[in-house]
Amino acid sequence: QGPTQKSTSHLIMFNGLVKKVIKPNGAPITDFENRVGTELFNLEMSASEIKSELRDLYITGAREVSVGPSSADKKAIIIEVPFKQLKQYHKIQIRLVRELEKKFSGSHVVIIAKRKILGSSYNRSSKTKGPRPRSRTLTKVHESILDDLVYPTEIVGKRTRCKLDGTKELKVLLEWKEKVNVDTKLETFSDVYKRLTNKEVVFEFPVDEP
């Protein structure tokens, strides 16, 4: 006897989840990553505008973090995607983020490419050939995370300010025309960046409106 309709749908769902969440080195998938994978699968089945683009995309990780003051009880969702798929995600990111934020009760969703940082010892390793790629340095990876965080908003300037206690704070200026779209996410961007890099950053818009 062939599989029942119910068991077939479970099989389709299972295969979809396996396809949507693929972690490096066969690491176990968390319950929250399963939730995100489920929503991506559901969007692939139902969201006509992005379903074809979603078909070949998957994530490598996802987690929910607290952002803003503890009293606010605000959450953000960090989704890691393969670097080689980032451009494909960018094509549908505005619509995809909007749909996911609806599914997760308004939590801000950010999409970050998974990048590997190569230490300075890479140049001296007998197992490697050639110099360390600049794109894999700590500084360059952290700069790329900034770009990922605010996409599709463009970064138009950066300034480093030295505090009285000797620590440094980076100020990142975003294009003014996107203010209405991302003004409520600036605190989320700062908190997520601090969590990913352990560095302080403040996102602002140019003082003079163009």
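Q: Two strands pair if DSSP finds at least two bridges between them; how many bridges join S1 to strand S2 (residues 74-82)?
A: S1 and S2 are joined by 7 bridges and run antiparallel, so they count as a pair under that rule. At one of the facing positions, Ala-62 stands opposite Ile-79 in S2.

Q: What kind of model is this, and how are its residues numbered?
A: It is a predicted model, in which local features need pLDDT of at least 70, side-chain atom pairs count only at pLDDT 80 or more, and totals for chains, interfaces and linings use all residues. Residues are numbered from 1 along each chain as its sequence is written, and side-chain values use heavy atoms, with hydrogens and water left out.

Q: What pLDDT does the chain average?
A: The average is 84 (pLDDT is the predictor's confidence in each residue, from 0 to 100), and 80% of the residues score at least 70.

Q: How many helices and strands does the chain have?
A: There are 7 helices and 6 strands, counted as DSSP runs numbered from the N terminus (helices: H or I, at least four residues; strands: E, at least two). Read from the N terminus, their order is α-α-α-β-β-α-β-α-β-β-α-α-β.

Q: Which residues of H2 are called buried?
A: They are Phe-32, Glu-33, Val-36, Gly-37, Glu-39, Leu-40, Phe-41, Leu-43 and Glu-44. The word means under 20% relative accessible area (1.4 Å probe, protein chains only). Across the chain, buried residues make up 39% of the 210 residues.

Q: What makes S1 and S3 edge strands?
A: Their open sheet has 3 strands in the order S1-S2-S3, with mixed pairing. Strand S1 (61-67) and S3 each pair on one side only. Neighbouring strands there are turned by 25° against each other on average, direction ignored.

Q: Which strands does H2 lie across?
A: H2 lies across S1 and S2, at about 105° to S1; such angles run from 0 to 180 degrees between N-to-C directions, with axes fitted to C-alpha atoms, for helices over the stretch in contact. H7 lies across S1, S2 and S3, at about 120° to S1.

Q: What is the strand order of the open sheet that contains S5?
A: The order is S4-S5-S6, with mixed pairing. Its edge strands, S4 (155-162) and S6 (201-204), each pair on one side only. The twist averages 20° from one strand to the next.

Q: In what sense do strand S5 (residues 168-174) and S6 pair?
A: They pair in the parallel sense over 4 bridges. Val-172 has Phe-203 in S6 as its bridge partner. Helix H5 (residues 138-150) packs on this sheet, touching S4, S5 and S6, with its direction at about 125° to that of S4. Helix H7 (residues 186-197) also packs on it, touching S5 and S6, with its direction at about 155° to that of S6.

Methods
Buried means under 20% relative accessible area, exposed over 50%, partly exposed in between (1.4 Å probe, protein chains only). Contact means heavy atoms within 4.5 Å.
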